[in-house]
Amino acid sequence: MPTEFRDALPILETIEAAGYEAYFVGGSVRDTLLNKPIHDVDIATSAYPEEIKKIFKRTVDTGIEHGTVMILDHGTGYETTTFRTESTYTDFRRPDEVTFVRSLSEDLKRRDFTVNVLALTKSGEIIDLFGGVDDLNNKVLRAVGKAEERFHEDALRMMRAVRFAAQLDFKIDEDTRAAISDNAPLLANIAVERINVEFTKLMQGSAASYGMVELIKSGLNNYMPMLVNGERDLAALALLLQVAQPKTDNEAWTLLAFELGFNPKAAGDFLKAWKQPNDMVQVAKAAVTLMNKLRASDVDDWELYQTKKAITTTLAVIELSELHADVDKLSARYQALPIKDKKELAINGGELVKELHLAPGPLFGKILSHLEYQVVMGQVPNEKEMLLKAAIEYAQKEKN
Ligand code: ATP
Ligand code: MG
């Protein structure tokens, strides 16, 4: 048993001592059997939220209406969720009603894939009611029960299927696959933020290429922002993902925007449609700007300089892309730039005003920008005297 479970054993023991059942469930059990590191330990219990709160002194109501209470124990929080069933999904996403129940099997039944419904007892015994261990050994991702029904209940599960296939390198079972193709349009009912979470994980999975191909084949992309009929570009991306995966969300989404052939503004609009953070939008726009130029020809130092804080992501995405640019050389060129920011100029606006005896105004902005360009391009060294001389020459020219 991994230490994460061992540390949490006292919680199971305490719940059981109070007369209820408690198990480890979900991704952590699956990942342990796959010998993968686990992140969060989830607990399922027959105790109702109010009962859990009576047993443990320190708890937080993280999702009490769904039966989830976080138990705080020695600085770690354990999400503990009461066994529940879900009923009548009228909008293809959320159950209209959750009902707390006392039976583990009822709870496991409402979950998504067989490999996600394994439970682990405090003594290390696996409870496998749906053939999850076999599927795990055969590397198969299979919906619990009738796939069709499960995707009708919650259409996000179709995205989760392609995401888990990509992360775990599991093949999607035939019936499950067919049900995704048949029900892909239901994805239109799901909030873009939730689709985003799954798509982001997919692109970073070790079998991202396979997950992407499954996504395209089932037509899920036609229910995703600005990816309607995007299968050709996504297939090109899938080819790239065969070789290497993006390591960060920024890399994944920038690569995607580039492969879709967007200009920088369209790349920004695309990411905004997906509700990405502004920071990612800025990074992707800068990266796409440079990459589109690299596609046509080489870039000069001024263009390279413009990438600023996007440089790391840009270089990583160039490496992932089909561009044949020499990334090490670009990186060395960037590192060798005389300045990385306007603020690093060896002269500032105040000094210019004084030395040139000019009233502050638009001319100063122009002079500073000109100096910035000349320094970056290696035309003037970044030294105060030289900059002053260049500024005077430029101001003279501007006046005439
Ligand atoms: P990860 O490693 O990404 O956290 P996970 O399997 O733990 O994977 P979570 O999203 O954390 O996935 O969900 C925990 C468990 O809750 C899942 O293993 C699954 O049993 C169940 N679950 C989560 N989302 C759904 C859903 N939309 N429909 C059905 N069951 C779900
Ligand atoms: Mg989880």
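One term first. A residue counts as buried if 20 or more other C-beta atoms lie within 10 Å of its own. It is exposed at 12 or fewer, and partly exposed in between. And keep in mind that this is a predicted model.

Now apply that to α10, residues 208-218. Here 10 of the 11 residues are buried, so α10 is largely enclosed by the rest of the structure. Which ones are they? Ala208, Ser209, Tyr210, Gly211, Met212, Val213, Glu214, Leu215, Ile216 and Ser218. Note Glu214, a charged residue by class, in that buried set.

What covers the buried residues of α10? The cover includes α7, α8 at 174-183, α9 and α11 at 231-241, along with the strand β11 at 171-172.

Next, α9. This helix covers residues 192-203, so 12 residues by the DSSP run. From first C-alpha to last, α9 reaches 16 Å. That is close to the 16 Å expected at 1.5 Å a residue. Its buried residues are Ile195, Glu198, Phe199, Lys201, Leu202 and Met203. They pack against three helices: α7 at 156-168, α10, and α12 at 249-259.

Let me step back to the domains. The assignment gives domain 1 at 1-138, domain 2 at 139-243, domain 3 at 246-337 and domain 4 at 344-399. The C-alpha centres of domain 3 and domain 4 lie 30 Å apart.

Two backbone points next. Lys139 is not a glycine, yet its phi is positive, about 55°. Lys139 sits in the loop between α5, residues 132-138, and β10, residues 140-141. With 14 other C-beta atoms within 10 Å, Lys139 is partly exposed. The other one is Asp169, with a positive phi near 60° in a residue other than glycine. Asp169 lies in the loop between α7 and β11. Asp169 has 15 other C-beta atoms within 10 Å, which means partly exposed.

Now the ligand. Which residues are around ligand 1? Gly26, Gly27, Asp42, Arg111, Asp112, Asn116, Val117, Asp154, Leu156 and Arg157. By class, that shell has five charged, three polar and two nonpolar residues. Domain 1 and domain 2 each supply at least three residues to the shell.

Last stop, the annotation. An unreviewed UniProt entry places the feature "binding site" at Asp40 and Asp42. Asp42 is also in the shell around ligand 1. Asp42 has 18 C-beta neighbours inside 10 Å, so Asp42 counts as partly exposed.

Where do they sit? Asp40 is in the loop between α2, residues 27-33, and β2, residues 42-45. Asp42 is in strand β2. Contacts next, leaving aside neighbours within four places in sequence. Asp40 is in contact with Ser28 and Glu79. Asp42 touches Ser28 and Glu79 too, plus Val25, Gly26 and Thr81. Gly26 is itself one of the residues around ligand 1.

That's the tour. Questions, please.

Methods:
Residues numbered from 1 in each chain as written. Chains lettered and ligands numbered in written order. Predicted model: local features only at pLDDT ≥ 70, side-chain atom pairs only at ≥ 80, totals over all residues. Near = placed C-beta within 6 Å. Domains from an automatic or database assignment. UniProt positions renumbered as here; feature names shortened; annotations may be inferred. Helix = DSSP H or I, 4+ residues; strand = E, 2+ residues; numbered from the N terminus. Contact = placed C-beta atoms within 7 Å. Expected span 1.5 Å × (residues − 1).
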